[in-house]
Amino acid sequence: MIIYRARVFDTPDNPFTGGKLRSDSDVALVVDDGIIVERSAYVTARAAHPEAEVTDLRDGLLIPGMVDTHVHFPQIRAIGHLGKPLLEWLDTCALPEEMRLADNSYAAAVAREFLTGLRAAGTTAAMVFGSHFAPAMDIFFSFAAESGIRITSGLVTSDRTLPDPLLTDVDRSVTDGQQLIDRWHGTARLRYAVTPRFSLSASPELLAAGGSLVEGNPGIWVTTHINENRDEVAGVLELHPAASDYLDTYERAGLLSRRAVFAHNVHPRDRELARLAETGAAVAHCPTSNSSLASGFFPMRRHLDAGVRVGLGTDVGAGTGFSLLKEGVQSYFMQRLDPACGVALSSTHLLYLATAAGADALGLEEVGDLSVGKCFDAVFIRPTPGEPLDIGIQHAKEDEDVLAMLFAMGTPADIAEVWINGDSVTGAVGRDS
């Protein structure tokens, strides 16, 4: 049993529907076997548990572990290619890199880098877009199990429009997918997600094959892309003439449900928003990617008004890094550019989007805030003394100002420690012993 004495910020209640920031300047979180069993004043907790070890974190801030709802495992080495729209970026940057994961040693190196990057950024759970190669996914899942991160991921499938090495067929997609599900779904903190790349590169038959996996394996997830770029949307509608819109290409295949996360949705139709809300599916909002690829403005107001659940995604490598703090502040900036479709976000909204909203989107009821009964997934932020973030926090008058400074100036370098299920996770994943 450990008592963590800390300045704690979290959002147990949705601020988009009236919830407030919960902030305690000196609170004790009593953690037993990875679970928060008490949250109280320090003197109360110490008196009740005199035998417990005490970890004093009052020289920084403690927030819940962050949850990334959309990030690509094969693309860590493709980060930072600016100035290209989506389809050109895929052809020249992302897809050539993804083809290299046919080499198992290359895939292993990338998996280590990727998972190390997530932990260093304070990401304790993620919906991960996988590789097109089943052996690379076996490698990734093995390292993911070691990392401790709550990972949902799966084999990426396409059967047209992409380079030949990245293509599969219906039978192989089902066989490979089922083998990965049998080996990894429910192992450690891993779950499987059926992952068609997007309807631009997946035929109705291939999408339906993914739907058959969902039907035959209750509890697995779905993730893919939707409405990211206008040229992409036009291409999807041309290749799927029977579908009423982009979302309908997935719904017809049995891929739309509460356990589905759709990335981007920058250009949605009203019918699509209504169906997302009705089915409980979630959308991953990826602000730096939307800006770097000039995909467009994410209409958050339309999503919220329709009742669609939204979380944050880094979308590495079109996104510019693993930090959900950076995604939060980028969303803050962008949402102010369109008062009609945007939302005037507060720092409390940003914390919610980076933590509890993502946990809700991924169905991870055990994490997202630091309440009694939750797993102790937490991030300790301790800025370097004398740096602007440290100075700002020292002189902030309100707790929301402290949180705003964290999102405006915080980086992975300010993260001193990360816990997942009560276990401290530091250093590189998969280092040689």
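Is R183 buried, partly exposed or exposed? At 41% relative accessibility, R183 counts as partly exposed; buried means under 20% relative accessible area, exposed over 50%, and partly exposed in between (1.4 Å probe, protein chains only).

This is a predicted model, in which local features need pLDDT of at least 70 and side-chain atom pairs count only at pLDDT 80 or more, while totals for chains, interfaces and linings use all residues. Residues are numbered from 1 along each chain as its sequence is written, and side-chain values use heavy atoms, with hydrogens and water left out.

**Salt bridges**

Side chains of opposite charge can pair when their charged atoms come close. The structure holds 23 salt bridges, each being a side-chain nitrogen of Lys or Arg within 4 Å of a carboxyl oxygen of Asp or Glu.

| Pair | Closest N and O atoms |
|---|---|
| R275 and E278 | 2.6 Å |

D138 lies in helix α4 (residues 134-147) and R183 in helix α5 (residues 170-184), so this pair ties together parts that are 45 residues apart in sequence. Helices are DSSP runs (H or I, at least four residues), numbered from the N terminus. In the second pair, D248 is buried at 10% relative accessibility, whereas R252 is exposed at 56%.

R275 and E278 both belong to helix α9 (residues 270-279), where they stand 3 residues apart, about one turn of the helix. R275 is partly exposed, at 22%, and E278 is exposed, at 55%. Elsewhere, salt bridges with shared partners join D10, R22, D24, R39, D369 and K374 into one network.

Key: Helices (H or I, at least four residues) and strands (E, at least two) are DSSP runs, numbered from the N terminus.
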